[in-house]
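Here is a quick tour of a protein model, written to be read with the structure open. Have a look first, then come along.

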Amino acid sequence: MNSAVQDVDASSTAAKHAVVRPTAPPADPGALGLAAFALTTFVLSFVNAGLLPVTVEPVVFGLALFYGGLAQFAAGIWEFANRNTFGATAFCSYGAFWLSFWFLARFTDLSGAGSDKGKGVGVFLLAWGIFTLYMTIAARRTSIAVFLVFVFLTVTFFALAAGDYTGTLAFTRVGGVLGIATALLAWYASSAVVINSTHQRTVLPVGPQ
């Protein structure tokens with residue numbers, strides 16, 4: 001009996017002095033989603049801005065399928081698991097955008113549309129601009145860095161939509177420049193998640209949430 005009591009006391013003492021190691025926080029899929037979006041947008045925007053000829057546009061197709069598309073969509077699914085409605089909706093939607101862009105550019109025959117081809121693409125981009133606009137309203141409750149990404153992305157979509165719908169190259173060029181700025185902002189937000197998480201402190205500020 002005394003031996004049993006001593007064992008219980010010893011176990012209690014050991015438990016009190018045990019080192020409690022904090023568990024690591026779950027990985028943030030937002031870093032992947034933002035990076036995938038940023039890199040794909042950056043490459044295509046160089047073409048839209050006129051910094052690269054249209055003939056090199058196919059270099060973005062692989063990115064649109066695998067990185068901007070599938071990788072970003074996967075980040076959105078992980079955000080669903082994290083119960084992050086905003087992140088899940090954003091990453092799954094823009095992942096699907098890049099997949100639809102890849103399919104549109106590679107497999108959709110619009111030759112029969114004639115001069116209305118640009119109008120069709122313009123409405124396609126306008127619709128994404130409207131979606132991005134209401135996501136921007138929601139993004140006000142995230143960080144300043146993410147909010148700015150959505151602000152710039154909204155005007156990028158509207159500028160590109162105007163360029164295709166009206167056939168005005170100047171709008172497309174402006175959309176390309178805005179797209180480059182959007183990509184850089186998204187890269188910053190992504191790098192902040194990765195670097196701050198790795199260093200376990202704020203190295204790159206993203207603004208209050």
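Patches here are built from residues with over 30% relative accessible area and no salt bridge, joining like charges within 9 Å and nonpolar side chains (Val, Leu, Ile, Met, Phe, Trp, Tyr) within 5 Å. A salt bridge is a side-chain nitrogen of Lys or Arg within 4 Å of a carboxyl oxygen of Asp or Glu, and accessible areas come from the Shrake-Rupley method with a 1.4 Å probe, counting only the protein chains shown as cover for residues. This is a predicted model, where local features need pLDDT of at least 70 and side-chain atom pairs count only at pLDDT 80 or more, while totals for chains, interfaces and linings use all residues. Residues are numbered from 1 along each chain as its sequence is written, and side-chain values use heavy atoms, with hydrogens and water left out.

**The overall build**

Written out from the N terminus, the order is α-α-α-α-α-α-α. Of its 209 residues, 36% count as buried; that label means under 20% relative accessible area, with exposed over 50% and partly exposed in between (1.4 Å probe, protein chains only).

**A nonpolar patch**

On the surface, Leu126, Ile130, Leu133 and Phe158 make up a nonpolar patch with about 330 Å² of accessible area together. Helix H5 (residues 117-139) gives the largest share, 3 residues. Ile130 is in H5, and it counts as partly exposed because its relative accessibility is 48%. As for helices in general, an α-helix has 3.6 residues a turn, so residues three or four places apart point the same way.

**The largest pocket**

How much space lies in the largest pocket? About 830 Å³. Its lining has 32 residues, and the closest to the centre are Asn48, Glu57, Phe101, Val121 and Asp164. Helix H2 (30-48), H4, H5, helix H6 (144-166) and H7 each supply at least two lining residues. The search runs on a 1 Å grid over the protein atoms alone: a pocket is an open set of points with protein on both sides within 12 Å along at least five of seven lines, a cavity is a set where a 1.4 Å probe fits but cannot get out, and lining residues have an atom within 4 Å of a point. Grid points are joined across faces, edges and corners, and the volume is the space filled by probe spheres set on them.

**H7 and what follows**

The 31 residues of H7 should span 45 Å at 1.5 Å a residue, and the end C-alpha atoms are 45 Å apart, which agrees. The expected span is 1.5 Å times one less than the number of residues. Past the helix, Gly207 lies in the segment after H7, with its C-alpha 9.2 Å from that of Val146, 61 residues away along the chain.

| Residue | Phi | Relative accessibility |
|---|---|---|
| Arg83 | near 60° | 80%, exposed |
| Gln200 | about 55° | 72%, exposed |

Arg83 is in the loop between helix H3 (59-81) and helix H4 (85-107), whereas Gln200 is in the segment after helix H7 (169-199).

Note on methods
Helices (H or I, at least four residues) and strands (E, at least two) are DSSP runs, numbered from the N terminus.
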